Amino acid sequence: MKKILYLCTVLFLAAACNENTDKGRIGVIPAKPDYGKDSSWFTAAAYGATKAAADVFYIAPTCIWDWQDSNGELCHFMDISNETQRKLVTDNSLFLASMLLGKDCDFYAPYYRQITMDSWMEDESTISARFAYAMNDIYEAFEYFISNISKGRPFIIAGHSQGAKCVIELLKNSFDEERHGDLVAAYIFGYPVYNADLENSPYLRPARGSSDTGVAIAFNSISRPEAASGMFEGNTVCINPLNWVTDTTYAPATMNKGSVFFNSDRTSDTLYRQVGARIDENLKSLIIDGLDDDDYFIESVSSIFPKGNYHIQELNLYFLNIQDNLRERVARMSD
């Protein structure tokens, strides 16, 4: 059975949008979130500890496709007040991430006006124009998180796909020395980091091992070089989450503590010590083995992520290793 795990189903949804703008590039824009309201957040208390050692600020990946509002206007953004869209994001993204990152940490994820999957298939100028609205929401949510939730406690920021792009932008634009001192780590799942990103932020520091703190952990996974997405051309940062090295040393499946996949009813399957990985030096991507590409191929996004590209399953593949690593980095902060 194919595991369509971490991508939301194509749906055309109806909800109220407002604030008309350039209909060709931007379209109608949903109402801006208010992060002072509980309804603008998905939260989960740590389930592996009596008192959480740190907080997680997590940013969801793309879960929404273009949809029409009640006036028949095309919308390229999530409407966080739309219950159907919220369910897509929660069931397919935030549940998995909270299971992965929230075992020992309190988990906070803002609902935001993420741009749609269709948007990522547009030209760069259109993507940038739309993404600016999504990123503005994340800037505001992060400032609320720092001032009203974390309040000087150790914290992790993490995101997958569009959410990972947001993490990069936060590191570039929302940090100073004091704030960076509270950062345990930034997990950038499945999005490229370019040299220009590194040059423009003293706080975007690639991880070099399993326990350094204040660093960015970035990787993306494919089964063969031909499956690399064009979006990742020029990527410069990758660490192997099985052996925590940045060179090409192969980590056999015996080093993978468990890949965890969730079914639609939230039951899970764990593949113990099945997936191995090495870094391709030229692509700065993980080359994995141990899985059948046909079982994980999602045709609806094949123009961006061809067969053999495991972008959608990025959080699943190294699930138990990431959980242990997060715990190790948090513990290092208290040493």
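Is Lys-87 buried or exposed in this predicted model? Lys-87 turns out to be exposed, with a relative accessible area of 52%; here, buried means under 20% relative accessible area, exposed means over 50%, and partly exposed is anything in between (1.4 Å probe, protein chains only). A quick word on the ground rules: residues are numbered from 1 along each chain as its sequence is written, and side-chain values use heavy atoms, with hydrogens and water left out. Since this is a predicted model, local features need pLDDT of at least 70 and side-chain atom pairs count only at pLDDT 80 or more, while totals for chains, interfaces and linings use all residues.

Now for helix α1. This helix covers residues 83-101; helices (H or I, at least four residues) and strands (E, at least two) are DSSP runs, numbered from the N terminus. Helix α1 isn't straight: a kink of about 40° is centred on Thr-90, where the bend at a residue is the angle between axes fitted to the seven residues ending there and the seven starting there. Because 14 of its 19 residues are buried, α1 is largely enclosed by the rest of the structure. The C-alpha atom of Ser-98 is 8.3 Å from that of Thr-43, although 55 residues separate the two along the chain.

Next come the charged pairs. The whole structure has 16 salt bridges, each one a side-chain nitrogen of Lys or Arg within 4 Å of a carboxyl oxygen of Asp or Glu. In one of them, Glu-83 pairs up with Arg-86, with the closest N and O atoms 3.9 Å apart. Both residues sit in helix α1, 3 residues apart, or about one turn of the helix. Glu-83 is exposed at 57% relative accessible area, whereas Arg-86 is buried at 13%. Lys-87 has a partner too: its side chain meets that of Asp-91 in a salt bridge of 2.6 Å, N to O. Asp-91 and Lys-87 are 4 residues apart in α1, again about one helical turn, and Asp-91 counts as partly exposed at 32%.

Asp-324 and Lys-257 form another salt bridge, their closest N and O atoms being 2.8 Å apart. This pair ties together distant parts of the chain, 67 residues apart: Asp-324 belongs to helix α8 (residues 319-333), and Lys-257 to the loop between β9 (221-222) and β10 (259-262). Asp-324 is partly exposed at 28%, and so is Lys-257 at 36%. Both belong to a network of salt bridges that also links Asp-104 and Arg-327.

Finally, the second largest pocket has a volume of about 380 Å³. On a 1 Å grid over the protein atoms alone, a pocket is an open set of points with protein on both sides within 12 Å along at least five of seven lines, and lining residues have an atom within 4 Å of a point. Grid points are joined across faces, edges and corners, and the volume is the space filled by probe spheres set on them. Of the 17 lining residues, Trp-120, Glu-124, Ile-127, Lys-165 and Tyr-191 are the closest to the centre. Helix α2 (124-150) and α3 (162-173) each supply at least two lining residues, and α2 gives the most, with 7.

Terms used:
1 Å grid on protein atoms, 1.4 Å probe; cavity = no way out; pocket = protein on both sides within 12 Å on 5 of 7 lines; lining within 4 Å.
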